[in-house]
Amino acid sequence: MEAYNITVVGASGIVGQEFLKILDERQVPVGRLRLLATARSAGKTVAFRGAEVVIEETTPASFTPDDHIVFLSASGAASRQYAPIAAANGSFVIDDSSAFRMDPAVPLVIPEINPDDLEWHRGIVSQPNCTTTPMVLALAPIHRVNPLRRVIVSTYQAVAGAGAAAVEGLRRETEAALSGRREPSGTQKRDIAFNAVPQIDVFADDGYTKEELKMANETRKILHAPDVGVSATCVRIPTFFGHAMSVWAEFERPVTVDEARALMAGAPGVELMDDPAAEQYPTPMDVAGTDRVLVGRLRPDHSNPGGIAFWTVTDSIRKGAATNVVQIIEEAARRGLIRPRAGVR
């Protein structure tokens, strides 16, 4: 793989920092690295491969034709402003916000599932939501041979999905609560320590939150299955890292647990931890700091014969975000979709 010039927007954030760590772990060659963030973070330094890289303030002038790859891990507003500028320079742009996920001209990619969608990118590729990725990875191997018809999912999402401030907020709230004090951090819609908050993002007119609608719409787009029915309930819980979810799935034809297990076990990116007799099943602590998508509690859906139910967990900051982005870069490079040097497409 060629050494590309990489620019990161949101470099001071939790996903941006993990992205740099994963570049190193996976030994991705990097030519010139530039780190961009808000004015508040400008001037700070970040260590990368033995050098201290200074964070610069992001402005429209920050992006040049010398940027082979631009990764945006900031707000949707920032992505809408800066992604088109970077793409117009000929850069390969990967966006971690929801700004372009449902744009029909922008691929929404999980490399283990729909890498061919990278071929029709027009400069911008979108990264799925951190809850969509593990659910779709678990469902895709069955969907390929027996099309998915309907999914009902409840999520139990760690605070890391809301950023570094939310991680610190849970720590402070927990310490206060254990001392008999109530000190809301303001990082969630309600107190989060020892609580469960059934709202992530804002509510739409139909009573679903944007997070829940993201799961539905992104699942359909990634699987190229526009008619799949999806109903999600997304809940923030007081864990630091590792999103969990309980999934009920129905397919066009009945599927047995043995069939589902065999298909999932052979799928890239998915690992079964499912031995009820030994009380073996995955928890958020099993995936924190890893790239594993673990599936357990795989069983028949007694309310809907021929359907299945299962539990899955993954680290939302890694495979749910930063690792998937690095895998997109690796796959795009393998396909020759990133121009090798400035001025050449």
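A residue is taken as buried when its relative accessible area is under 20%, as exposed when it is over 50%, and as partly exposed in between, with a 1.4 Å probe and protein chains only. By this criterion His243, with a relative accessible area of 0%, is buried. The structure is a predicted model, in which local features need pLDDT of at least 70 and side-chain atom pairs count only at pLDDT 80 or more, while totals for chains, interfaces and linings use all residues. Residues are numbered from 1 along each chain as its sequence is written, and side-chain values use heavy atoms, with hydrogens and water left out.

His243 is found in strand S10 (residues 243–251), where strands (E, at least two residues) and helices (H or I, at least four) are DSSP runs numbered from the N terminus. Together with Cys130, His243 is listed by UniProt under "active site" in an unreviewed entry; such annotations may be inferred rather than shown by experiment. Contact being defined as heavy atoms within 4.5 Å, and residues up to four places away in sequence being left out, Cys130 touches His243, Ser316 and Gly320.

Pro128 is 20 residues from Leu108 in sequence and 6.3 Å from it in space, C-alpha to C-alpha. Among the residues that Pro128 touches, not counting those up to four places away in sequence, are Leu108, Glu218, Ile222 and Gly320.

Helix H3 (residues 132–143) packs with helix H5 (residues 210–223) at an angle of about 40 degrees, their axes being 10 Å apart. H3 and H5 are therefore oblique to each other, given that angles under 35 degrees count as roughly parallel, over 145 as roughly antiparallel, 65 to 115 as roughly perpendicular and the rest as oblique. In this pairing Thr132, Met135, Val136, Ala140 and His143 of H3 meet Lys214, Met215, Glu218, Thr219, Ile222 and Leu223 of H5.

Notes:
Axes fitted to C-alpha atoms, helices over the stretch in contact; angles between N-to-C directions.
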